[in-house]
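Biologist: Hi, I'm new to this one. Could you walk me through it once it's on screen?
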Amino acid sequence: MIRLTNVGLKYDRGPEILSEVNFHLRPGSFHFLTGPSGAGKTSLLRLLFMSLHPTHGQIQLFGQDVSRITTSKRAPLRRRIGIVFQDFRLLEHLTTWENVALPLRVVGKRLDDYKEDVTDLLQWVGLGDRMHGYPSVLSGGEKQRAAIARAVIGKPELLLADEPTGNVDPQMARRLLRLFIELNRLGTSVLIATHDHQLMRQFKAPRLELHDGHVRIV
Amino acid sequence: MSGSYDRPPDRPGMRGLGSSPRTPEYDAYDDGAVVTQQGGRTSTQSRDPAYGTYEPEPISPDSLRTDYERVSRPDIYVPTREARKVQSLTAPIVPAGSVTGRSLTLVITIMCFLACLTVGAVYMIRQSANAWLRDIASEVTVQVQAKDGTDAEKLTQQVATYLGQQAGISKVTVMSAAESAALLEPWLGPIDDLNALPLPRLIAIELDRAGTPNVDAVREGVEKQFQGVTLDDHRRWQRQITTITHSFSLGGLAILALVAMATTAIIVSATKSSMASNREIVEVLHFVGATDRFIAREFEKHFLRLGVRAGLVGAILALAVFTLMPTIVQILGGGSLTLSELHRLVGSGSLDMAGYVLMGIVVVVIAALCMLTSRFGVFRILNSKH
Ligand SMILES: Nc1ncnc2c1ncn2[C@@H]1O[C@H](COP(=O)(O)OP(=O)(O)OP(=O)(O)O)[C@@H](O)[C@H]1O
Ligand SMILES: [Mg+2]
């Protein structure tokens, strides 16, 4: 599913964030990605999401080399990936409901076909009473849940989540974790970047530990 | 990874699996249900037995919120937009206001107005010129300039008789000296003594439209037979009218080309600025897997609507101008004479069905131009960025 070979990453003039990163995540796997703040977790996820090109090395995604992928070829691959950003990236002028439905709209599905799915999922993540409001009035945790709902609504083959439980209480975190586990059981590969040790204790999954630009799997 | 949940496996199942039918009502906080999606459909279903052994902690909506959230969002704060009765499910992804402002609409309206005026004016001129040419084409004038001492009247009669015998001529009308003088009156004023002026006598010939009369042969014959007789089939006049209408048409085309260029340039820059101000939306659309084509469509929708709306308004304004033209001329001090001169120049001054169709075409072209320009603008910007 994901294979990184000697991947190195450097922002313009900065130091090397990642160097000689090698790992392979099989389809249907579940991994945590940890490491101190600033270690490069977000950067690694961005590499996997093709919004960054590696400075060197090769990244394979769904069996394709995406290290130098062009914009036009990115869209079909991204439809197979769900991503939760650390800063949510919800669109302020659309309602929460519309934000969550966006991935389905983009692939050309008809409203009648996905209407109930979106409502169901929003209720499941506890946003049933806020879904027709705008994200700007949501709390941090609510925004986070909306972002997660948007990431999973299309039932992606790969889920990348950047601190998906950073803004919610432990109870909600557990609930969201369960959502990820369910998704994983249905065949989605999951990679969750997190600092939350409590969360990682709740579910035994291999960890990718990022340290000094290297990745170690434990 | 299985069995590593946070609850002891010996807790009783949350519901009698398979025994009682599921309530149709969906419980938002029912942890026993899982969200699954098969073939794009999300459905809720019971866990399989291995996972059906969880006792959900009762979660009330309030307990889903952290203390911070509970405190930071007092209940009084209900945004007005949330209270809208109609739930928005498919709001435009790119907000219309961020793309097509009022000034842009105004400019496109003016462009369409100018285009319609040009098309309408050229069309009218061509119409009336064609009508003229049709009349003139079947008319030939013969001038009889009697030499000193010869009897003009007699010569004219002889010529008329001769012409009447030629093939392809349907009617010969001899104009009297007074009639000829009347034709000159607008230029020379009332003429008191007709004989003081060496006025030529005129014979009007109407050609038979059905056949193809050989005007040149008739001319040769009549000019050989009689002295001082010339035949004018208005060819020079026809050529001049044609040249004038052609130049009008060319000028109109030039104006249309300029209008099209200006419209394109305006739309290109409007596309650029709307892409810039909606950068975040474009980014998020890319994140959720939108193709360039999809993004372009979201933008071009607004430009198409702008083109249609501005185009229609522009066309209606142009029609109003054509309709009110006689009134305007009158207000500017033109009498009925001016009006009739104007009519002679631009025909009846009103558009027929074909004219309306032409205006419709202008609107369609303007709208299509707006849409396509913005589409290619979006493509170009998207492809130049990465
Ligand atoms: N666009 C950028 N340009 C330059 N440097 C960047 C950029 N984005 C990130 N960095 C740098 O790369 C390093 C890794 O950042 P990254 O966001 O990947 O860390 P992280 O592990 O996600 O941290 P956190 O846990 O705080 O989210 C940081 O030192 C950051 O300053
Ligand atoms: Mg980060």
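Modeller: Happy to! One term to begin with: a polar contact is a pair of N or O atoms within 3.5 Å; within protein, one must be able to donate a hydrogen and the other to accept it, and residues adjacent in sequence count only if both atoms are side-chain atoms. An example is the 3.3 Å between a polar backbone atom of Ala39(A) and an oxygen atom of ligand 1.

Biologist: And how should I read the model and its numbering?
Modeller: This is a predicted model, where local features need pLDDT of at least 70 and side-chain atom pairs count only at pLDDT 80 or more, while totals for chains, interfaces and linings use all residues. Residues are numbered from 1 along each chain as its sequence is written, chains are lettered from A and ligands numbered from 1 in the order in which they are written, and side-chain values use heavy atoms, with hydrogens and water left out.

Biologist: Back to ligand 1, then. Which residues come nearest to it?
Modeller: Ser37(A), Gly38(A), Lys41(A), Thr42(A) and Ser43(A) come nearest, out of 13 residues around ligand 1. Here a residue is near if one of its heavy atoms lies within 4 Å of the molecule or strand in question.

Biologist: How far is the polar side-chain atom of Ser37(A) from an oxygen atom of ligand 1?
Modeller: That distance is 2.5 Å. For Lys41(A), an N or O atom of the side chain is 2.7 Å from an oxygen atom of ligand 1.

Biologist: What are the protein donors of the magnesium ion?
Modeller: Thr42(A), through OG1, and Gln86(A), through OE1, lie 1.8 to 2.3 Å from the magnesium ion, ligand 2. Those two connect distant parts of the chain, 44 residues apart: Thr42(A) is in helix α1 (residues 41-48), and Gln86(A) is in the loop between β6 (81-84) and α3 (96-106), both of chain A. Donors are N, O and S atoms within 2.8 Å of the metal (3.2 Å for Na, K and Ca), and water is not among the atoms, so sites may look incomplete.

Biologist: How are helices and strands picked out?
Modeller: They are DSSP runs, numbered from the N terminus: helices are H or I with at least four residues, strands are E with at least two.

Biologist: New topic: what is the strand order in the open sheet of four strands?
Modeller: In chain A the order is β2-β1-β4-β5, with antiparallel pairing. β2 (16-25) and β5 (64-65) of chain A are at the edges; each has a single partner strand, so one side of each lacks a neighbour in the sheet. Pairing requires at least two bridges between two strands in DSSP.

Biologist: How many bridges join β1 to β4 in chain A?
Modeller: Five, between β1 (residues 2-10) and β4 (residues 56-61). Among the residues involved, Arg3(A) has Gln60(A) as its bridge partner in β4(A).

Biologist: Is Asp212(A) buried or exposed?
Modeller: Asp212(A) counts as exposed because its relative accessibility is 67%, whereas Asn6(A) is partly exposed at 35%. Buried means under 20% relative accessible area, exposed over 50%, and partly exposed in between (1.4 Å probe, protein chains only).

Biologist: And what does chain B have in helices and strands?
Modeller: Chain B has 10 helices and six strands, and buried residues make up 37% of its 386 residues.
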